[in-house]
Amino acid sequence: MRELALGIVVVALVGCATPPGSNAAGAAAESGPRFAAGGHDAEAYGAREGYPVKIISRAPFLVGAFSHFDQLFEGREVRRSATPSRLARASAEPPLRYRFGVNVYTLDDYLARNPIAGLLVARGDTILIERYQYARNDRHRFTSFSMAKTVTAMLIGVAIADGHIRSVDDLAAAYVPALADTEYGRTSLRHLLQMSSGVRFSETYSGRDDSARLVVETFVQEGAGGEEAVKPYNERGWPSGTIFSYASVETQVLGLVLRAAVGRPVAEYLQEKIWEPMGAEADATWLIDRAGQEATYCCMNAVLRDYARLGLLLAHDGNWRGRQLIPAAWINDATRVRDDQPHLRPGTVRRYLGYGYQVWILSGERRMFVLLGVHGQAIFVDPSSRLVMVQTAVFKRAGDPILEAYALWRGVVAELGR
């Protein structure tokens with residue numbers, strides 16, 4: 001099993017809904033999704049073998065694994081809505097152009113140049129573009145990897161509004177007494193949300209770092225899970241709240257806090273507070289450890305259109321068609337960098353990215369942010385135009401840069417976000 005973990009799972013750290021082409025939420029006189037059997041370098045990604053579903057880190061198995069992650073590992077179900085919300089469709093796919101380097105490309109160029117399994121662009125409540133490659137379709141549940149971190153943060157905000165958590169400045173041990181004598185227990189929820197605890201944790205996706213051990217101890221289920229999975233990381237290297245240092249274990253601590261605070265599994269809370277009321281059309285899943293704790297730093301699994309609904313919910317600052325599911329003030333705080341937190345600003349965290357509450361903040365005057373997961377998973381959000389772009393992908397290495405996706409997003413905003 002450890003060999004397994006050092007394959008696809010560690011490197012990738014962190015089901016069916018409707019018939020292909022259908023929109024479960026309503027009939028369609030509009031143009032539907034577009035499907036392709038191939039994609040960028042399809043033979044290398046296992047096209048000839050039918051994109052096999054195996055837990056192996058080599059390219060021929062990524063497409064199958066990433067669209068069946070909850071069949072390879074144990075997950076907890078997040079039930080779809082009893083009344084799925086309808087997403088309208090544009091009558092025709094709008095043309096898109098974007099500049100990358102010195103060249104100008106089209107959407108078809110982007111899909112031909114990059115290993116994209118699914119791509120969806122929506123504005124308001126309307127799908128403008130919906131594409132699938134590598135014989136994937138709108139029934140496949142794609143794994144989120146670290147996009148799930150943002151979902152965890154949103155649920156923390158909901159739990160505060162519900163009165164389950166008193167304050168974002170409470171210490172983790174106030175809710176998880178088993179962490180009382182640990183550095184993470186002595187860290188505030190705010191600093192955990194901002195990846196600024198000061199506790200040492202290595203996340204390089206080498207297969208031999210701390211993130212590899214965390215994967216083995218959580219959803220690979222080789223360890224006890226629960227609080228025991230986070231206790232080994234117990235050395236504070238610098239003062240809390242002063243330096244950004246990306247560490248998936250911090251989201252796992254938040255997940256422990258969330259479950260203890262609300263008194264039930266995180267997946268159940270997600271179902272009640274977000275998945276059901278936003279009208280998710282398909283069941284989702286969230287991988288769990290041996291103790292039954294969700295791996296909240298990664299590994300939700302959902303269909304592309306439900307990821308789009310989630311993005312649209314965030315684009316509307318937590319309001320879904322007149323109902324406030326996530327406090328707007330929480331989303332606003334989560335997606336901005338305060339003046340007194342220079343260590344979280346774009347240019348300091350990454351060249352073009354800052355960091356909020358478990359979400360990446362794009363540079364520039366316009367408030368835009370992105371949920372990111374390794375191997376190319378992304379949900380880009382522009383609240384000012386209610387524009388969202390969802391991408392599921394199979395880049396061969398966990399840390400492969402997705403610079404061209406940022407360029408495509410700039411083109412999407414320029415042409416569709418006015």
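**Close-up 1. Strand β16 and its partners.** Leucine 371 has isoleucine 379 in β16 as its bridge partner. This is a predicted model, in which local features need pLDDT of at least 70, side-chain atom pairs count only at pLDDT 80 or more, and totals for chains, interfaces and linings use all residues. Residues are numbered from 1 along each chain as its sequence is written, and side-chain values use heavy atoms, without hydrogens and water. Strand β15 (residues 369–373) runs antiparallel to β16 and is joined to it by five bridges. Strands pair if DSSP finds at least two bridges between them. Strands (E, at least two residues) and helices (H or I, at least four) are DSSP runs, numbered from the N terminus. Three residues lie between the strands of the β15 and β16 hairpin, where histidine 375 has a positive phi near 65 degrees.

**Close-up 2. The β16 and β17 hairpin.** Strand β17 (residues 387–393) pairs with β16 in the antiparallel sense, over five bridges. Aspartate 382 stands opposite leucine 387 in β17. The hairpin has four residues between its strands, and arginine 386 in the turn takes a positive phi of about 55 degrees.

**Close-up 3. Burial of β16.** Six of the six residues of β16 (residues 377–382) are buried, so the strand is largely enclosed by the rest of the structure. Buried means under 20% relative accessible area, exposed over 50%, partly exposed in between (1.4 Å probe, protein chains only). Gln377, Ile379 and Val381 are buried on one side, and Ala378, Phe380 and Asp382 on the other.

**Close-up 4. Aromatic pairs.** The whole structure holds 20 aromatic pairs. Rings of Phe, Tyr and Trp (its six-membered ring) pair if their centres lie within 6.5 Å; planes under 30 degrees apart are stacked, over 60 edge-to-face, the rest tilted. Tyrosine 45 and tyrosine 134 form a tilted pair, 5.5 Å centre to centre with 50 degrees between the planes. These two tyrosines are 89 residues apart. Both are buried. The ring centres of phenylalanine 69 and phenylalanine 145 are 5.6 Å apart and the planes lie at 70 degrees, so this pair is edge-to-face. Phenylalanine 69 is buried at 0% relative accessibility. Ring pairs link Phe66, Phe69, Phe73, Phe145 and Phe219 into a cluster.

**Close-up 5. Helix α8.** This helix (residues 248–262) has 15 residues. Of these, 13 are buried, so α8 is largely enclosed by the rest of the structure. Glycine 263 follows α8 with a positive phi, near 75 degrees.

How values were computed:
The expected span of a helix is 1.5 Å times one less than its number of residues.
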